[in-house]
Amino acid sequence: MPPMGHLHMEHVLQAVSVLEAVILRSFGPEGGQVLFTRDTGQAMLSRSGTRILTALHLEHPLARMVVECVWKHSSSTGDGSKTFILLLASLLRLIHAAASKESNVSHSYNSTKAAEAATARHLADKLLAFGLKELDELIATGVVPYGGCISWEDFTVEGQTPSLTNNLCVQKLLRSFFHTRCGYTHCDFSSHLTCELLSHWKFKNQLPSFSLQLVSDYFPALHTPVSGFPVRSSRLIKGQVIHRDFATPPLKTDDQPVKAVVLTGLLQPTLLNTGDVLELGYGGRMKEERSILLFSSWMESSLQGVIAKLQSLGVCVLLSAVKQSAAVLALATQAEMCLVECVSEDELSLFSQLSGTTPIWDCSMIESEHVATLAFCRPIQLGAHRYVHVAFQDSEERITIKPCSLIICAPGEGQIEQYACALQDAIRMLLRMWEPMHAAATTTSKRTLQSHKSASLHTDNLTEQTTYRSTAIQPIQKCVLKSGCVISAGGLFELLLHHALLQHGHSCSVSPDLNIDASVSQLLANALLSVPQKIYSHSPRHFLESQRRVISFLSKFPNYSHPLTLVYKRESTISPIQAEGPLGDGKLSLHCCREGDKFSKVSELDLGLESVSCKYQLLLAVLQCVASLLKVDTVLPTHTALHTQSRRFARTSWEGTEDEGED
Amino acid sequence: MPYVGIVYLNNVKSASVMSRVSKKSPSVCTDMPLDNTDICSKLQLLKQILTSCFGPTGRLKQVHNNIGGHVVTTSASSVLLSSVSSSQSFINLIKTSILNHVSRFSDCGLFAAILCLSLIEQIKKSALRESVAIRVNNYLLALCTSYLQREDCGCRVKLDFCSTQNLITLARSVISSKPACVLTEPETLHISKLAVQAFLLTVPCSSPGLLVEMPDGLSEEDNLLNPLSVVLFSASLAGDISELGDGVIEAHSDVDTDSQILGQLLELGRQVINDEVKLFVCQKVIHPVLQQYLRSHGVIVVERLGIALMEPLTQLTGAQPVATLHTTIPPKTYGKVRDLCIKHFGSKTMLHLLPLGESAICTMILCHRNQTMLNELKVVCQTAEHVLRLTLREPFALVGGGCTETHLAAYVRHKSKSEVPETASVLMCSQTEYLLGVELFCCALESAAGALEHDGGSSLIDLTHAHRWMLPADAIKETMEDSLGFCGCGLVQSSPSKKWTYLNTKYSDFCPSPVFRDTRVQPHVLDSFTAKLSALQVAIETANLALDVKYIIQDMN
């Protein structure tokens, strides 16, 4: 590529194709891990598209722009970064083909290229407009009826047996998520663990987003990495683990309850603040009172006063954000209090939230509202480290959850980090799924297009109540998709939407008054097919077979709304994917929710579930990325020395990128 | 003397550079690492090195770097693996997994590494798809772990804490597996007994003690009244100014702050002497004048104890650390020792503190002819101690000498033959693929057992209990039964009714029967149950992970 030159479609396509080649290694059921070493020498493992792309340290401005878009999308939904790249590459290819076909008539080379770029840009804009306007409706009518719906209520604390089967649905969703992010080996185990974690953190009378957001926000404080153990040693433990050791001997008695205080400041009073000057012995008229000993003994006695005050309140655990002096340690030990120093802000804030107390800066001002009551506080040995393990007393009026922490075990640190990231993203994905997709402002315009026939599945009315946290990247004006919609994984979403788009294109060409070009939906439909194609890349026959099944199912039962599953069956020889549709008698075998016995038997075979809303947002994000990619026409390399002069020029040509930055 | 092999470890420049988009500081990418010849040869080399170290007859390795540093002779995985560094992050991935296991369980590192590497090699050689192999391995691992946890498991021994015999066997198996200690048979037994004794002492019992560095100026003739009162300081007593804050202290020239503070320190000394303290210990430095003052009053002074010994000392004496200088020392912070005496160990003189009551602290003294052997002995004794401690959690041991591996392989072969179509469909693969996966898994287990042999002999497996037997290279076919004697773990004796086959040959599967336990026959070799179970899991999980890696990105900045 020339150092300064016009960008052509080929360049864009080339850059994206390279990214696609890397991503494909970890995509689909045959995909694997990517191992990368940081500049520090630390090894990391990942199947997450975002992490792989950022690890490449790309310098190509276009590639960096793509990575930026992917990063933004996945930090919002936690999912879909690999599909993003595949769809992007496929869309660009199709746009390129369409544009070069149309602009063949031009004469000179340059004008051909210019015409091509203009056509491509125009197409991309039309695609985006189409996506923003029509896509949600198409998904609601063409895809959602064939899926299911999971509600937060399904998700219950263990022990209530009837709900177990409902939990399976969430587990299936998480299972396929972990499969794409960490590999097959522990996807069952991880999804089970995540479900258990979330069900313990389920606040009664609270919206799902509240619990999920809390777990997501405090995730660093809620999990403990332990290396050198098999992954299956990962578990939940009651209460909270504070990732520090006791600075004094731990409590000897196991008496309950234990009273604790969170300190943010120093216990030992500070005599001299920065800038203060203490003068000793003034002008030879030195008296005993001006000696240094006076000050240090005053300090000691006031410290003793503070300790005595704490003792009178029955406090025996001090959690401190800062390091305390040796005198504090010794006096606390003598007073049979145990002290934990340098506790991170995050952990202290979680502790305060769970215990319902406020931290205190100056201990001489301590009141009873600063004193937390714990069920226990004891040392816990996890791997090479000894930490402090605290559990909270159940208090009905304050919270109705069972706080618990997660211990993530794996043979190596790289794996632990991978699991921790995947877990965090899984929570983000669920958060996204249960969140209504736009602000509460336009509730009136909401049309529940989702087929009423799927009412046998769970319906939920959380949409109206849930508060929206503005992290979305799409400027969605309206949305008709309900929250909690899921569809069988393994490319079914793409196949169904492909079909719906084709039909839509057909109806457009019949009635020309609709101002949408039929070719646009045709193009998007074809681009979508690349995803299932890549999923079944190891066996193209499976792809054709599953496509045929979906089409025949849809043509036989055009208005039938029922969950559809692509079941991956492999008997002794290679046999195709089967859409478990109305084979013969027109009766569907239902694999979603509430089908206790049958479900558990089949769950081993099928490919899991995916969130429809995440898919929808992914599509919009890709369309936006395409549009902004094609808006760029020139790359202006600038040098630091010329920085101020060239900025003016750069601004004009990088318009597209700046738009993206504001999204 | 065992044979010593020398391995030079150096970094070979890597790797195939694949397509990249950027120009500056690109990451080096390796596509399909298991198809990369450089990585494969390195994996093979690593396996070769580790296999040759395995077991009591394993060959030693001398590790020395290219700048003429310290030479280490060892066959311990913890030492060996931590000194191997590769430019290939793929190798390091496997290495750190094993090292992490060793840091948690101390034992079975070589077993885990060999099993992991042979499994990768076996699968790589076969045409089995990686994704299928991972699923099959995962399934078989679950089969193995649930079998090992079962009551009727044929290769597990319940440990009886009433008799020390099994514990000593367990410790001896660990100690004898490291020939770099250069111990004779009686010496091995002696160390094993010591390790068990130390272990039993720390499970609260009487007559332990703690050794601290001998303070200067203490004569052995001092007569002391018992028990002795102890004070323990955690703050510095060097006469420095205490922390008053961040501000500035300005002292005029006529003010002698130092002597004021020293005066306060001596005041403290006076109180200690009045309270009849006989042992004065400080974590940090003590002002020489205070030291002199205390000594002149017959107090034994120990300074610079260090943070590591503070906790054992508080436990042993019952003293609470003091850090205040201005208030009178509260009487309850004083601790007590029953007695103290001076001990000589070679050139070292130590002060031996004896606790007043029961205390779970004791010191083990290890002696050896030279530093190299001593270092290896230290590693081995720590392992033995850890392995013994693990028995408190799970009071079991696994039969050693390769018998557990062959037994497990036979069990897996037999068990996996039932319900083949069902299992294959659950694992989303064909029956042929499943059976191939089972075979590869069992072969890897058996090759881990076979790795114990280094003198050209062959490994056999009997067709009743599926234990491992060793046939020396010079044995004559006709007298096979006599030359076999006992199996690897010593539980089964050879008899004419038994049938054997060579390891790694095909045999028709059978259900390995547990050995009928005659109480007079005790196993000669036992492995830690907890450590081995975890090693098995870590080995398979790491192999699965390695098989799953499809692409490597190395940041070269």
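This is a predicted model: local features need pLDDT of at least 70, side-chain atom pairs count only at pLDDT 80 or more; totals for chains, interfaces and linings use all residues.
**Entry 1: two helices in chain A**

I began with the contact between α8(A) and α13(A), counting residues as in contact when heavy atoms lie within 4.5 Å. From α8(A), the residues A:P208, A:S209, A:L212, A:Q213, A:V215 and A:S216 meet A:Q424, A:I427, A:L430, A:L431 and A:W434 of α13(A).

Residues are numbered from 1 along each chain as its sequence is written, chains are lettered from A and ligands numbered from 1 in the order in which they are written, and side-chain values use heavy atoms, with hydrogens and water left out.

Next I looked up the geometry of this pair. Helix α8 (residues 208–217) and helix α13 (residues 413–434) of chain A pack at an angle of about 160°, and their axes are 10 Å apart. Axes are lines fitted to C-alpha atoms, for helices over the stretch in contact, and angles run from 0 to 180 degrees between N-to-C directions. Helices (H or I, at least four residues) and strands (E, at least two) are DSSP runs, numbered from the N terminus. So α8(A) and α13(A) are roughly antiparallel to each other; the label is for angles over 145 degrees, whereas under 35 is roughly parallel, 65 to 115 roughly perpendicular and the rest oblique. The crossing of α8(A) past α13(A) is left-handed, a word used if the near helix is turned anticlockwise from the far one by less than a right angle, with right-handed if clockwise.

**Entry 2: another helix pair in chain A**

I then turned to helix α4 (residues 81–102) and helix α15 (residues 518–528) of chain A, whose axes come within 9 Å and cross at roughly 135°. That is why I call α4(A) and α15(A) oblique to each other. Their crossing is right-handed. In α4(A), A:L87, A:S90, A:L91, A:L94, A:I95 and A:A98 meet A:L523, A:L524, A:N526, A:A527 and A:L528 in α15(A). I sorted the residues of this contact into nine nonpolar, two polar and no charged.

Two strands pair if DSSP finds at least two bridges between them.

I followed β8 (residues 258–263) of chain A to its partners. With β10 (residues 315–320) of chain A it pairs in the parallel sense over five bridges, and A:A260 stands opposite A:V317 in β10(A). β8(A) and β12 (residues 371–382) of chain A run antiparallel, joined by four bridges; here A:V258 stands opposite A:L374 in β12(A).

β12(A) also pairs with β13 (residues 385–392) of chain A, antiparallel over eight bridges. A:Q381 has A:R386 in β13(A) as its bridge partner. β12(A) and β13(A) form a hairpin with two residues between them, and A:G383 in the turn has a positive phi of about 65°.

**Entry 3: salt bridges**

I searched the whole structure and found 30 salt bridges over all chains, each a side-chain nitrogen of Lys or Arg within 4 Å of a carboxyl oxygen of Asp or Glu. One that I looked up joins A:K323 and A:E341 (3.3 Å, N to O). A:K323 is in the loop between β10 and α11 (326–334) of chain A, and A:E341 is in the loop between β11 and α12 (345–355) of chain A, 18 residues apart.

**Entry 4: over to chain B**

Here I found an open sheet of three strands in the order β15-β14-β16, with antiparallel pairing. β15 (468–471) and β16 (500–502) of chain B are the edge strands, each pairing on one side only. β14 (residues 458–462) of chain B pairs with β15(B) over four bridges, and B:L460 stands opposite B:W469 in β15(B).

Key:
Ala, Val, Leu, Ile, Met, Phe, Trp, Tyr, Cys and Pro count as nonpolar, Asp, Glu, Lys and Arg as charged, and the others, Gly among them, as polar.
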